Amino acid sequence: MFKGMPKAFWIGLGLIYGWAGFFMILEWTIPSFPLYRFLGVPACWIYNCLLACFVINIFVAWFFAYSEEIREQKLAEQKKG
Amino acid sequence: MGADPIVIFGACLYFAAIIAIGWFTRTAAADATDFYVAGRKIGPFINGSALAATYFSPATFLGMPAFIFMISYPFWWTLSGIIAGMPVATLLTAAPMRKYAPTSFTDYYADRYDTKWMRLACSIPTIIGGFAYVILSIVGTALSMVAILKVSYLVSVILAAAVVFIYIFWGGMVATTFSTALQGVIMTVATLIAAGVIIAHYGGLTGLTDAAISSNALYFMTPHANPKTSHPLMGMWTGMVGFYFIWHYGFATMPYTVVRFFTAQDIKAARRSVTWAIIVGGAMYVGLIVIGTSAKVLIEQSHPLMGTEGIKNAVGVLAHMKKTYAIGTASVTDYSMFAITESLKMPWLMAWIVAGGLSIAMSTAAGWTMVLNVVLGRDLIGKVFGSKWPDEKPIQVMRIMTFVVIFISGLLSIDPPALVLDISGSAFLVIICATAPALVLGIWWDRSTKAAAYVTIIVMSIVSGGSWLYAFYVQKSPHWFFLSDPANKIPTPHQFYWIPIAFLLFIVVSLMTKPPRKEVIQKYCLDIRPEQPKK
């Protein structure tokens, strides 16, 4: 199952689910964790709204696309050679 | 209260732009490939923006702010979960599907499982869910016009259906793609402008946070860590996890987004279009979090209806709007975006929000209509029942099917039966449970079998839809586990646990049944996966 799936996929999933899982567990164990201050604002605006909802996902999608373009480039060079 | 001229001007400008796209792309839909999959010529940005606009339903834009203020902070994870599901599609389905390059959503099922009847099997939940989505989208479009432009509901439904029909009729997938891409940009810009105005209004994110807490002391209370939680649905971790995952895999597997991977100009464009979809859709979701967090306090502090006619809180304002506009199909939450914007008292902002509301509703209606007309016209009439009509006159068939889909949906939108609305609520879950395992494991597991695909589609359609409706009627909400003890309910949003169970069922039945032919595995599994360079 999932034979041939690029390693980048599993790295990306690890980042997405690791990030969400880690912060959800902190929220379930530390009272008022979302309101801890970070960079001058309540931390949830940074780790959830900005990073989990936006930046990390853009990075992972870019990483997937970029790593595949590198693989295709290598493949094309091999075929030429 | 009449409509503001600036708002009317903004709506007219929007309709003119959408109709113009249909008119100018009519010559681009010259043959069947153009009409079905936009000639496979769409670049990453246009395809990505269209992906985002198609994927998000009107309930997202119109109702999400209300869900954020009612369920409060833990619901933020729902929005993060939806966007986090988008990158997963890049390698899981977008690249393999574009490499395989089908015309219709059902092509892969028929080819991979080696029978034309698989088209019929996967079409049934798709058609039922698809019609429900088109109806809801037309209702959402009409709602925007009734609430803001102050035209009658009937006129609004006819206008919404007519505009969607016109641009699909002229330009097929080409017009749908370009208009949807524009709609994606409009809805995101509208949301970000509103979010920016709100942040400025409260003097920054800290001010906004304090305002939210002042209006609801439980707003940031999460399960287990706090003695009280923000909402009963967030009383246990299953509520947060369930809401994170319920819409998470839709982007990679739902028919109306998967078909957009076919329209990309090549595999590279299909992958990059996902990144653009996240930029457009993710930005909108960040804006929605800001808007939703401010919703309660903003409406209660500034809405013109507060304090009148005995209205004491934000829910009272929404309930009053629902009563005033008397659209039986709409829930109170559907008025939240308009109520927030009315509280800000800026007509130019309302013009953007109206355009955003129309955009998100019409793009979903158009996306589903394209899925339905190809499934009904090309796949069922032509491929399953053997008529030569779709091969001989493909564009004529598509245009007639577009009329049929829009006409039936428009008619049902005038006074939707309650069951249609109930079905639409469960449609997302049912379609994913029924069709996603056969798609994802069909690509990535050689051992996936025809029998497993049939069993999963039939069994999961029944159990997921049945349990959703049972919870809806007996537990009074689809978000409680359907067999919960009424005195001690367990939150399982939209019965999300059926999704992993569907994959498990598919695996078990595949292992118990006859493997597919080697040629099928080679062509529809191995050949569409990434080719690795030699070490």
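1. A:Glu69 is part of helix H2 of chain A, which covers residues 43–80, in what is a predicted model. This residue counts as partly exposed, because 14 C-beta neighbours lie inside 10 Å; a buried residue would need 20 or more. Along the sequence, A:Glu69 and A:Ala8 are 61 residues apart, while their C-alpha atoms are 12 Å apart in space.

2. Helix H2 of chain A packs against helix H13 of chain B. The axes of H2(A) and H13(B) come within 9 Å and cross at roughly 175°. H2(A) is therefore roughly antiparallel to H13(B). A:Glu69 is one of the residues of H2(A) in this contact, and others from that helix include A:Cys49, A:Leu50, A:Phe54, A:Trp62 and A:Glu68. From H13(B) the contributors include B:Lys268, B:Arg271, B:Arg272, B:Tyr285 and B:Ile289. By class, the contact of H2(A) with H13(B) comprises 16 nonpolar, 3 polar and 5 charged residues.

3. The contact between the two chains may also be considered as a whole. Chain A contributes 43 residues to it and chain B contributes 44. On the side of chain B that touches chain A, at least two residues come from each of helix H5 (76–100), helix H9 (205–215), helix H10 (237–246) and helix H13 (267–302). That side of chain B consists of 29 nonpolar, 9 polar and 6 charged residues.

4. Helix H13 of chain B also packs against a helix of its own chain, H15 (residues 336–344), with the axes 9 Å apart and an angle of about 55°. H13(B) is therefore oblique to H15(B). The crossing of these two helices is left-handed. H13(B) supplies B:Ile291, B:Ala295, B:Leu298, B:Ile299 and B:Ser302, and H15(B) supplies B:Ser336, B:Ala339, B:Ile340 and B:Ser343. In this contact 6 residues are nonpolar, 3 are polar and none is charged.

5. Which residues touch the most other members of the largest nonpolar core? They are B:Val164 and B:Ile289, in a core of 216 residues. Helix H8 of chain B (residues 153–201) provides the largest share of this core, with 22 residues. If residues up to four places away in sequence are not counted, B:Val164 touches B:Met362, B:Ala365, B:Ala366, B:Thr369 and B:Ile406. B:Ile289 was named above among the residues of H13(B) that form the contact with H2(A).

6. Is B:Gly239 buried or exposed? B:Gly239 counts as buried, because it has 27 C-beta neighbours inside 10 Å, and the cut-off for a buried residue is 20 or more. This glycine lies in helix H10 of chain B, one of the helices that supply at least two residues to the side of chain B touching chain A. Neighbours within four places in sequence aside, B:Gly239 is in contact with B:Pro74, B:Pro223, B:Leu233, B:Met234, B:Pro491 and B:Pro493. By contrast, B:Gln396, 157 residues away along the chain, has its C-alpha atom 48 Å from that of B:Gly239.

7. Helix H6 of chain B (residues 105–112) is largely enclosed by the rest of the structure, because 6 of its 8 residues are buried. The buried residues in H6(B) are B:Phe105, B:Thr106, B:Tyr108, B:Tyr109, B:Ala110 and B:Arg112. After H6(B) comes B:Asp114, whose phi is positive, near 60°.

Terms used: Residues numbered from 1 in each chain as written. Chains lettered and ligands numbered in written order. Predicted model: local features only at pLDDT ≥ 70, side-chain atom pairs only at ≥ 80, totals over all residues. Contact = placed C-beta atoms within 7 Å. Helix = DSSP H or I, 4+ residues; strand = E, 2+ residues; numbered from the N terminus. Nonpolar A, V, L, I, M, F, W, Y, C, P; charged D, E, K, R; others polar. Buried ≥ 20, exposed ≤ 12 C-beta atoms within 10 Å, placed from the backbone. Core = buried A, V, L, I, M, F, W, Y, C linked by C-beta atoms within 7 Å. Axes fitted to C-alpha atoms, helices over the stretch in contact; angles between N-to-C directions. Parallel < 35°, antiparallel > 145°, perpendicular 65-115°, else oblique. Left-handed = near helix turned anticlockwise from the far one by under 90°.
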